[in-house]
Each structure stands twice: as C-alpha cells, then as structure tokens.
Amino acid sequence: LLYTHNKYTTMESKIIFALDVYDYNTAMELARTVGEKVFAIKINWPVILENGIKIVRDLSKYANIICDFKLADIDNTVSMITTKVKEYGGYGIISHSFTGLNSLKAVVKSAGNMKVFSVVSMSQESYLDNITEELIKISREAGVYGLVAPGNRPYYLKKVKELSEGLKIISPGVGAQGGDIVNAMLLGSDYVIIGRSIYNSLDPLGTLEGFSSSINNKLNK
Ligand code: XMP
C-alpha cells in the first residue's frame with residue numbers, strides 16, 4: 001500500500017460522500033476537493049463500469065474508499081470480488097445479507113482488514129422489510145463491521161439501531177432522497193451517506209461543510 005489510512009486528517013467527520021459519476025477526471029476532482037472533509041468516499045457501479053477497479057487505488061489518494069457493490073451471490077463469487085477490492089486498496093465493501101450466512105461469511109473472510117457493511121434495510125420504500133430482524137442476526141453472526149440502514153425512513157432506522165448491538169450504522173437517504181441529517185444521527189446513524197446533494201451542487205465543498213456544521217450545531221449542544 002502506498003498510503004496509510006490514518007494520514008487522512010478528518011476521521012472524525014460523520015459524512016460518507018457517495019461519488020456516483022462516470023467520468024474519471026470529474027471523480028478525481030471531486031475526491032480531491034472533499035476527500036479531507038469526509039469520513040470516506042463511497043463508490044458504486046457507475047464509476048467502476050466506466051473506469052474499472054483501478055480507480056479505487058487512485059481515489060484512495062484522497063480518502064478511504066468504500067465499494068458499494070451490494071454483493072448478492074454465492075460464496076465463491078463474492079470472495080473473488082472482495083479479494084479484488086482489497087487488492088486495490090479498498091477501505092470497505094458493502095454486501096447484501098439476504099443471500100444468507102455462507103455468502104456473508106465469505107465476504108468477511110476475504111475482506112481481512114477491510115470493513116464489511118451489510119444491507120439490512122434500504123432507503124427505497126419498496127424494499128421488502130419483513131426480514132430485517134433476521135438480516136441483522138445473520139450480519140452479526142457473520143462478523144460484519146457495520147450495517148446499512150435508511151436515513152430517510154425513521155421507523156426502520158430506529159429498529160435497526162435497537163437491534164444493532166454496537167455495530168456501526170451507515171445511512172443513505174439523506175438529502176436527495178428526503179432524509180434529514182440531524183434526525184438520522186439522532187436516531188442512531190454513525191455516518192450518513194450523501195451523494196447528489198453534494199456532487200450536483202454548484203459548490204460541493206460548501207454544501208458538504210453546510211451538512212457538517214448542521215450536525216455540529218445541533219448535536220454538540
Ligand atoms: P444520494 O445521491 O441519494 O446517494 O445521496 C445515495 C447513495 O447510496 C446508495 N444507496 C444505498 N446503498 N443501501 C445501500 O447500501 C441503501 O438503502 C441505499 N440507498 C441508496 C445509492 O446507490 C447512492 O450511491
């Protein structure tokens with residue numbers, strides 16, 4: 001590895017920036033601009049489909065990179081994917097948990113030091129929420145580091161928090177999907193994931209700092 005994670009100066013930030021763009025230069029420029037001010041940058045299929053896995057290493061110059069690949073496959077396949085993310089310096093990876101214990105355990109095993117986050121509820125309202133409790137149980141048993149739970153659906157976020165037993169909670173759904181950052185943090189999110197509200201704004205850094213100060217103002221009183 002060419003860097004160590006603790007070189008990033010703002011590990012205390014509560015924001016994970018969702019960098020969902022295609023273009024390499026746009027991605028690198030956004031990462032350079034906000035990298036020091038976020039806990040991590042989350043990338044998803046859009047940036048990978050255009051640029052390949054090597055961009056994980058490039059982006060890691062600026063921040064911890066969480067690969068939101070929402071793994072949902074058999075153990076061998078999820079292991080292969082996780083191993084590749086690790087090879088390119090990923091900080092974390094997001095997996096589904098509905099595929100069950102064997103698959104999720106395979107992700108955790110291949111991840112080594114990488115943080116594994118499992119999806120137990122989604123920000124999309126049409127998500128099938130009837131097995132959330134079981135998904136949390138499977139996640140705990142598999143040994144994941146954290147859970148993904150919606151920042152825009154308070155009922156489910158609260159429920160996940162109650163059952164999380166200390167696992168970290170990261171929450172999408174803030175901003176473009178309607179969730180409020182302060183509410184999400186009060187209900188139990190450790191980190192909130194924000195994409196469009198930041199990268200579509202005319203001033204991504206200013207917008208990010210606005211989100212950060214709204215947390216600091218309301219929560220540190
Ligand atoms: P926006 O632009 O809506 O970006 O701020 C949100 C990012 O998070 C992803 N996303 C999710 N990931 N569980 C996840 O694991 C979810 O419930 C969920 N909802 C949104 C989305 O793909 C985008 O990258």
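Val107 belongs to helix H5, which covers residues 101-111, and this placement is taken from a model that is predicted. With a relative accessibility of 0%, Val107 counts as buried.

**The ligand and its surroundings**

- The ligand is surrounded by 19 residues, and the closest of these are Asp20, Lys42, Ser123, Gly195 and Arg196.
- Sorted by class, the shell around the ligand is made up of nine nonpolar residues, together with five polar and five charged ones.
- The ligand takes up the space of the largest pocket.
- Two elements give two or more residues each to the shell around the ligand, namely strand S3, which spans 65-71, and strand S8, which spans 191-194.

- The side chain of Asp20 has an N or O atom that lies 2.6 Å from an oxygen atom of the ligand.
- An oxygen atom of the ligand also lies 2.8 Å from an N or O atom in the side chain of Lys42.
- For Lys70, the ligand atom in question is a nitrogen, and it is 3.0 Å from an N or O atom in the Lys70 side chain.
- Taken alone, the ligand would expose 510 Å², and the protein buries 90% of that area.

**Phe69 in strand S3**

- Phe69 is located in strand S3, an element that gives two or more residues to the shell around the ligand.
- Phe69 has a relative accessible area of 5%, and because this is under 20%, the residue is classed as buried.
- Between Phe69 and Gly210, which stand 141 residues apart along the chain, the separation of the C-alpha atoms is 28 Å.

**Leu135 in helix H6**

- Leu135 is part of helix H6, which is formed by residues 132-142.
- The relative accessibility of Leu135 is 2%, a value under the 20% cut-off, and therefore Leu135 counts as buried.
- Thr99 is 36 residues away from Leu135 along the chain, and the C-alpha atoms of these two residues are separated by 9.4 Å.

**Val107 in helix H5**

- Returning to Val107 in helix H5, its relative accessibility of 0% is under 20%, so the residue counts as buried.
- Val107 and Gly143 are separated by 36 residues in sequence, while in space their C-alpha atoms are 9.8 Å apart.

Conventions. Residues are numbered from 1 along each chain as its sequence is written. This is a predicted model: local features need pLDDT of at least 70, side-chain atom pairs count only at pLDDT 80 or more; totals for chains, interfaces and linings use all residues. Side-chain values use heavy atoms; hydrogens and water are left out. A residue is near a molecule or strand if one of its heavy atoms lies within 4 Å of it. A polar contact is a pair of N or O atoms within 3.5 Å; within protein, one must be able to donate a hydrogen and the other to accept it, and residues adjacent in sequence count only if both atoms are side-chain atoms. Accessible areas come from the Shrake-Rupley method with a 1.4 Å probe; for residues, only the protein chains shown count as cover. On a 1 Å grid over the protein atoms alone, a cavity is a set of points where a 1.4 Å probe fits but cannot get out, and a pocket is an open set with protein on both sides within 12 Å along at least five of seven lines; lining residues have an atom within 4 Å of a point. A molecule sits in a cavity or pocket if more than half of its atoms lie within 2 Å of its grid points. Helices (H or I, at least four residues) and strands (E, at least two) are DSSP runs, numbered from the N terminus. Ala, Val, Leu, Ile, Met, Phe, Trp, Tyr, Cys and Pro count as nonpolar, Asp, Glu, Lys and Arg as charged, and the others, Gly among them, as polar. Buried means under 20% relative accessible area, exposed over 50%, partly exposed in between (1.4 Å probe, protein chains only).
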